[in-house]
Amino acid sequence: GTTVLENLRVARGDLDADEARAVLARVGLGAWLEALPDGLDTLLASDGRTVSGGERRRLLLARGLVGPARILLLDEPAEHLDPRLADELVTGLLTDPRGLDGTPRGVVVATHRLAPLAAADEVIVLREGRVAARGTHADLLADPGYREALERELATERAR
């Protein structure tokens, strides 16, 4: 296994402790980090037993945010999170995609969740591998299929 800090340094070897804490807070892992017995020096098991699925996703996202890539391609970045936290995380990435150094980044998010896409510049809806619709979230609300999918998503969350 590696420590939390070493795990993040896979993306940028010179990452310091303050930057690591900042990026972990940005992806919603600040409280998790504080609860770890040795903070950034806590050893993470190589088999994933020490982190949940949602924590693992957010650690990978934190790596992406500290790495040099200028375009982040994120596949279900909020998987395994409760819907509110998932939406906050994706909305934050779409509204402020800058890296730790302030460098602007492009963000492409592949997701089934529609609610946070209000923050996206453009939404491309795929059906059976083809572009079925594209536009802003607000534009796509005029499409009955998109609107119904969003309403189902929100109704399912209210029922929980």
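I count a contact, or a touch, when heavy atoms lie within 4.5 Å. The model I am reading is predicted, so I follow its limits: local features need pLDDT of at least 70, side-chain atom pairs count only at pLDDT 80 or more, and totals for chains, interfaces and linings use all residues. Residues are numbered from 1 along each chain as its sequence is written, and side-chain values use heavy atoms, with hydrogens and water left out.

**Entry 1**

I looked up Arg 134 and found it in strand E6, where strands and helices are DSSP runs numbered from the N terminus, a helix being H or I with at least four residues and a strand being E with at least two. Not counting residues up to four places away in sequence, Arg 134 touches Glu 122, Val 123, Ile 124 and Leu 140. Arg 134 and Glu 122 are 12 residues apart along the chain, and their C-alpha atoms are separated by 7.0 Å.

I then turned to the pairing of E5 with E6, which is antiparallel over five bridges; two strands pair if DSSP finds at least two bridges between them. Leu 126 has Val 131 in E6 as its bridge partner. The hairpin of these two strands has two residues between them, and Glu 128 takes a positive phi near 55° there. I noted that most residues other than glycine have a negative phi. Glu 128 sits in the loop between E5 and strand E6 (130-135), and it is exposed, with a relative accessible area of 84%; buried means under 20% relative accessible area, exposed over 50%, and partly exposed in between, with a 1.4 Å probe and protein chains only.

**Entry 1: Glu 76 and strand E3**

I found another positive phi, near 50°, at Glu 76, again in a residue other than glycine. Glu 76 lies in the loop between E3 and H5, and it counts as buried because its relative accessibility is 16%.

I looked next at the two faces of E3, of which the covered one carries Leu 72 and Leu 74, while the uncovered one carries Ile 71, Leu 73 and Asp 75. E3 runs parallel to strand E4 (residues 106-110), and five bridges join the two, with Leu 72 standing opposite Val 107 in E4. From E3 the chain crosses through H5 to E4, and this β-α-β crossover is right-handed, in the sense that, with the strands pointing away from the viewer, the path from the first strand over the helix to the second runs clockwise.

Is Leu 89 buried or exposed? I find it in helix H5, and Leu 89 counts as buried because its relative accessibility is 7%. Not counting residues up to four places away in sequence, Leu 89 touches Arg 26, Val 27, Arg 58, Leu 61, Pro 77, Ala 78 and Leu 81. Of these, I checked Arg 26, which is 63 residues from Leu 89 in sequence and 8.4 Å from it in space, C-alpha to C-alpha.

For the helix pair, I noted that the axes of H4 and H5 come within 13 Å and cross at roughly 10°, the axes being lines fitted to C-alpha atoms, for helices over the stretch in contact, with angles running from 0 to 180 degrees between N-to-C directions. That makes H4 roughly parallel to H5, since angles under 35 degrees count as roughly parallel, over 145 as roughly antiparallel, 65 to 115 as roughly perpendicular and the rest as oblique. Arg 58, Leu 61 and Leu 65 in H4 meet Leu 85, Leu 89 and Leu 93 in H5.

**Entry 2: the core and the whole chain**

I looked up the largest nonpolar core, which has 40 residues, and the members touching the most others are Val 4, Leu 8, Leu 24, Trp 32 and Leu 59. Such a core is a set of buried Ala, Val, Leu, Ile, Met, Phe, Trp, Tyr and Cys residues joined through side-chain atoms within 4.5 Å. Elements supplying at least two residues each include helix H1 (4-9), helix H4 (53-66), strand E3 (71-75) and helix H7 (144-159).

Overall, I recorded seven helices and six strands in the protein, and buried residues make up 38% of its 160 residues. Its C-alpha trace spans about 50 × 35 × 25 Å along the principal axes.
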